[in-house]
Amino acid sequence: MQAIGDFFTWLFNDTTGVLCLIVGGIVICLIIAILMERKTKRRYFNHEKSEGDWDLFDDADEE
């Protein structure tokens, strides 16, 4: 139990721990956003592109 307490003390009280917490949160949010974008793209595959549409992964064929 002491190891868990030491980990949380390091995570929230040390500068490197807080930076790891922030970077980890950014990475997790980025992974979730990419997964949701791909799922949405599969669901609306027949959506006709208009002039204002943009593509995060640039998978569209250039015409």
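Student: Where does L21 sit?
Tutor: L21 belongs to helix α2, which covers residues 15–43. Keep in mind that this is a predicted model.

Student: Which residues make the nonpolar surface patch?
Tutor: M1, I4, F7, F8, W10, F12 and L21 make it, and the patch is about 780 Å².

Student: And which helix gives the most to the patch?
Tutor: Helix α1, residues 2–13, with 5 residues. L21, by contrast, comes from helix α2.

Student: There are rings in that list. How many aromatic pairs are there?
Tutor: The count is 3 aromatic pairs. In one of them, F7 and W10, the ring centres are 6.0 Å apart and the planes make an angle of 35 degrees, so this pair is tilted.

Student: Why tilted?
Tutor: Because 35 degrees between the planes of F7 and W10 falls in neither the stacked range, under 30 degrees, nor the edge-to-face range, over 60.

Student: How far apart are F7 and W10 in helix α1?
Tutor: They are 3 residues apart, which means about one helical turn separates them. F7 is partly exposed at 43% relative accessible area, and W10 is also partly exposed, at 34%.

Student: What about F8 and F12?
Tutor: F8 and F12 are a stacked aromatic pair, with 6.3 Å from centre to centre and 10 degrees between the planes. They lie 4 residues apart in helix α1, so again about one helical turn lies between them. F8 has a relative accessible area of 42% and is partly exposed.

Student: Which residues form the aromatic cluster?
Tutor: F7, F8, W10 and F12 form one cluster. Those four residues are also listed in the nonpolar patch.

Student: New topic. How many disulfides are there?
Tutor: The search of the whole structure gives 0. A disulfide is a covalent bond that joins the sulfur atoms of two cysteines.

Student: What share of the residues is buried?
Tutor: Buried residues are 3% of the 63 in the protein.

Conventions: Residues numbered from 1 in each chain as written. Predicted model: local features only at pLDDT ≥ 70, side-chain atom pairs only at ≥ 80, totals over all residues. Heavy atoms only, no water. Patch = residues over 30% accessible without salt bridge, like charges linked within 9 Å, V, L, I, M, F, W, Y side chains within 5 Å. Areas by Shrake-Rupley, 256 points an atom, 1.4 Å probe, with all protein chains shown as cover. Salt bridge = Lys/Arg side-chain N within 4 Å of Asp/Glu carboxyl O. Helix = DSSP H or I, 4+ residues; strand = E, 2+ residues; numbered from the N terminus. Phe/Tyr/Trp six-rings, centres within 6.5 Å; stacked < 30°, edge-to-face > 60°. Buried < 20%, exposed > 50% of the residue type's maximum accessible area, 1.4 Å probe, protein only. Disulfide = S-S within 2.5 Å.
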